[in-house]
Amino acid sequence: MTQTTQSWWFVFYKDQLLLEKKGNGTFALPCGEIPPIVIKEKTTVHTITTLEGKNCKSFSLPAPIEESEQYVMIGLRASYEYLPLTHYQTAGKAHEILHWDRNSQFCSACGTPMEQKEDIMKRCPKCGREVYPSISTAVLVLVRKENSLLLVHARNFKGTFNSLVAGFLETGETLEECVAREVKEETGLDVKNITYFGNQPWPYPSGLMVGFIADYAGGEIKLQDEELSSGDFYTRDNLPELPRKLSLARKMIDWWIEHPND
Ligand SMILES: [Zn+2]
């Protein structure tokens, strides 16, 4: 029996992912029996998952790799434009695990160096505390009012586009309560008919976005100044710059554009 030892390699420096040049401006994940870059001592190589019958392995670099004839480093978000979706999604998972690894070096209860016990579990050798990668859940809300939808520009957006109201889930809160609270806090509006749309892992650095559709129920727009620089209702023929295609927000907005009668 022949056993393949080929692996996909997810090599990161911060959010920069190492890709192999394939000509004509195309890129691919490095694939091979040995890593594309020599692994420095004391580097943990993480086994992430399998993809198309090959192991996925990931490690962090202490410094970026300079662009060469063979390799280039590209931001994780930008890699969406170049990689098959499953490869981009696995890169996101790898990025989350490397982030978790960096931020769980010591036991948060007693300060002892943690030991990696399983792919996604570390245990403190002194007090026995176990840690797993944690995920921050955030909601996205598409608020409809007659034939228009609510779009906002948050001060932390990287760019000039407008998007949906979003915010992090708080302890002890249901997702629907979070939706109503975030819309109220950020825009002063009340919403009703809150329904689930879909969700998306958001590895920047370790989130899960959960999308909801809601209908306007009352109130005047009063923006939360520290978070939002603009916010208004827009009709289909008057939309501002929208978020890029990779985001769930854009998928929701596109759905709304295509479903004027829902
Ligand atoms: Zn401990």
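Trainee: Which strands do the buried residues of helix 4 pack against?

Mentor: They pack against strand 11 (136–145), strand 14 (190–202) and strand 15 (207–218). Two residues are in contact if their C-beta atoms, placed from the backbone, lie within 7 Å. Keep in mind that this is a predicted model: local features need pLDDT of at least 70, side-chain atom pairs count only at pLDDT 80 or more, and totals for chains, interfaces and linings use all residues. Residues are numbered from 1 along each chain as its sequence is written.

Trainee: What makes a stretch a helix or a strand?

Mentor: Both are DSSP runs numbered from the N terminus: helices are H or I with at least four residues, strands are E with at least two. The protein chain comes to four helices and 16 strands.

Trainee: Which residues of helix 4 are buried?

Mentor: In helix 4 (residues 248–258), these are Leu248, Ala249, Met252 and Ile253. Buried means that 20 or more other C-beta atoms lie within 10 Å of the residue's own; exposed means 12 or fewer, and partly exposed is in between, with C-beta atoms placed from the backbone.

Trainee: Why are those four said to be on the same side of helix 4?

Mentor: Because they cover an arc of only 140 degrees around the axis, the arc being that of the directions from the helix axis to the C-beta atoms. On the other side of helix 4, Asp254, Ile257 and Glu258 are exposed.

Trainee: Thanks! And why does Glu118 count as exposed?

Mentor: Glu118 has 10 C-beta neighbours inside 10 Å, so this residue counts as exposed. Glu118 belongs to strand 8 (residues 115–118).
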